[in-house]
Amino acid sequence: MSPTIGTGLMLLDETPLFEPSLLQELDWSSNNVSFSPHISLSSPGEGLVLRPLCTADFNRGFFKVLSELTKTGDVTPEQFTRKFEHMKKTGDYYILVVEDTNLGQIVATATLIIEHKFIHTCAKRGRMEEVVVSDMCRGKQLGKLLVSALTLLGKKLNCYKVTLECAAKNVAFYQKFGYTASDESYMQCRFFD
């Protein structure tokens, strides 16, 4: 069942952005990062659940977590649902969230976007973005868990590479997962803040 817009009332539901079985099918044994204490995709910590984004997360503080990373703006439930439906329809967006089920709040999120290329024999490239853990949950290895999960997911989806952009202070963190600096320079032409 997908979200519907009625007479000014938005029904937000638990329909996942992508099939949750994709996460269950990941080969966690090929993860090259250790966790102490041990956590995994199926057991991210007491009272925590790692899963795909759903529209009901609008009311669970999804934007509050994102705002710890960057500006989010004032997004209405209708805007959120339209964007969610677009992302779901393309099948190229994989947004993970970690929910604290005791609080009913999203405490971490990360995104993998799949780009379709003509190069490398019409290959796919993954782009990891918007990795953020709420202030109250830092130190629980959730960032490591999200990056590990999305890296493995990129491999499972047959991406020839997964890339990300990060501040210089975060380079050592991403190197733990096998990411290396490329010879390319990141450049941008920004139109809005």
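## Strand pairing and the sheet

In this predicted model, Leu112 stands opposite Met128 of strand β6. Strands β5 (residues 105–116) and β6 (residues 124–133) pair in the antiparallel sense over 8 bridges; strands are DSSP runs of E of at least two residues, and helices are runs of H or I of at least four, both numbered from the N terminus. Two strands count as paired if DSSP finds at least two bridges between them.

An open sheet of 5 strands with mixed pairing has the order β3-β4-β5-β6-β7. Its edge strands, β3 and β7 (159–164), each pair on one side only.

## A helix on the sheet

Helix α5 (residues 142–156) packs on the sheet and touches β3, β4 (93–100), β5, β6 and β7, contact meaning heavy atoms within 4.5 Å. The direction of α5 makes about 25° with that of β5; axes are lines fitted to C-alpha atoms, for helices over the stretch in contact, and angles between N-to-C directions run from 0 to 180 degrees.

## Annotated domain

UniProt, in an unreviewed entry, places the feature "domain: N-acetyltransferase" at residues 48–193; such annotations may be inferred rather than shown by experiment. This span, residues 48–193, is 29% helix and 28% strand, and its end C-alpha atoms lie 33 Å apart.

## Basis of the description

Residues are numbered from 1 along each chain as its sequence is written. Local features of the predicted model need pLDDT of at least 70, side-chain atom pairs count only at pLDDT 80 or more, and totals for chains, interfaces and linings use all residues, while side-chain values use heavy atoms, with hydrogens and water left out.
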